[in-house]
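Open the model in your viewer and keep the selection tool at hand. The tour goes stop by stop.

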Amino acid sequence: MPVELVLQNFIDGQFVGTENHIDSFNPSTGEVYAKVPDSGEAEVNAAVQAAKAAFLGWSETPAAERSRILNRIADLIEIHLEEFVKAESRDQGKPVSLARAVDIPRAVYNFRFFATTIVHKTESATYLENMQATNYTVRTPVGVAGLISPWNLPLYLLTWKIAPAIACGNTVVCKPSEMTSVTAWMMCRLLNDAGLPQGVVNVVFGYGPKAGEAIVKHPDVPLVSFTGSTPVGQRITEQSAPHCKKLSLEVIQKLHVVCVALFMINL
């Protein structure tokens, strides 16, 4: 069968091709149906530089305007919800009903939740009467966030990382799982129409040890968020420690299952 989709990286508001690609399989047939960019240090560096250049303008954008843009992204995903549902089911292998009930609506909700949060948040302060002093917290954007998401909830968990990062004024370089990249690519096609400035969200596709590690080790990425296995989380911690990077790690052990052929089930 001919390959139906050839994905491209999304860097500085533009789709950028790569020479090498990774085969992406349709879980229901076992056939290759898409080609995913096999990105490395060069592509990651271009994405980081774009995010770094966009950071100053985006971090100074009023919260109300950032909120409006996030809500517009949510609107566009919702308009194309059924396309995302079918793509997520085909790419990841989950039932269409599950993608329709959970994954894609939650991606929409992620953007709406943080769009609302940033216009209603309040700073915390404590008055220390005996010292005649006030202790208060000021939250400011950090910079470029490196976001690495897993295969099991592709768009759901990717947007759960992107939405709070950009809502708070950061810019991002994302790497979805190389096994489930299609809905992330589809989302990128909507960002310019939503009015998101170029360079605020950049997406590079590829393998973890190649593209993911390049993001983690990049000196201009002070914040890393990762969801995946415990060994990879440990490696990210080790690589980030020399730079004192801010880390958000959601790591889990693999679930081992023993299957025994005792009977057949006719579906």
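Is cysteine 188 buried or exposed? Select cysteine 188: it is buried, with a relative accessible area of 2%. Buried means under 20% relative accessible area, exposed over 50%, and partly exposed in between, with a 1.4 Å probe and protein chains only.

Some ground rules. This is a predicted model, where local features need pLDDT of at least 70, side-chain atom pairs count only at pLDDT 80 or more, and totals for chains, interfaces and linings use all residues. Residues are numbered from 1 along each chain as its sequence is written, and side-chain values use heavy atoms, leaving out hydrogens and water.

**The cysteines.** A search of the whole structure finds zero disulfides (pairs of cysteine sulfur atoms within 2.5 Å). The nearest cysteine sulfur to its own is that of cysteine 188, 7.6 Å away. Cysteine 174 counts as buried because its relative accessibility is 0%.

**The core.** Next, select Ile77, Phe111, Ile162, Ile166, Met187 and Val201. Of the 52 residues in the largest nonpolar core, these touch the most other members. Such a core is a set of buried Ala, Val, Leu, Ile, Met, Phe, Trp, Tyr and Cys residues joined through side-chain atoms within 4.5 Å. A second, separate core has 18 residues, including Ala47 and Val216.

Finally, select strand E6 (residues 125-128) and strand E7 (residues 133-136). Strands are DSSP runs of E, at least two residues long, numbered from the N terminus. E6 and E7 pair in the antiparallel sense over four bridges; pairing takes at least two DSSP bridges. Alanine 125 has tyrosine 136 as its bridge partner. In the turn, glutamine 132 has a positive phi of about 50 degrees.
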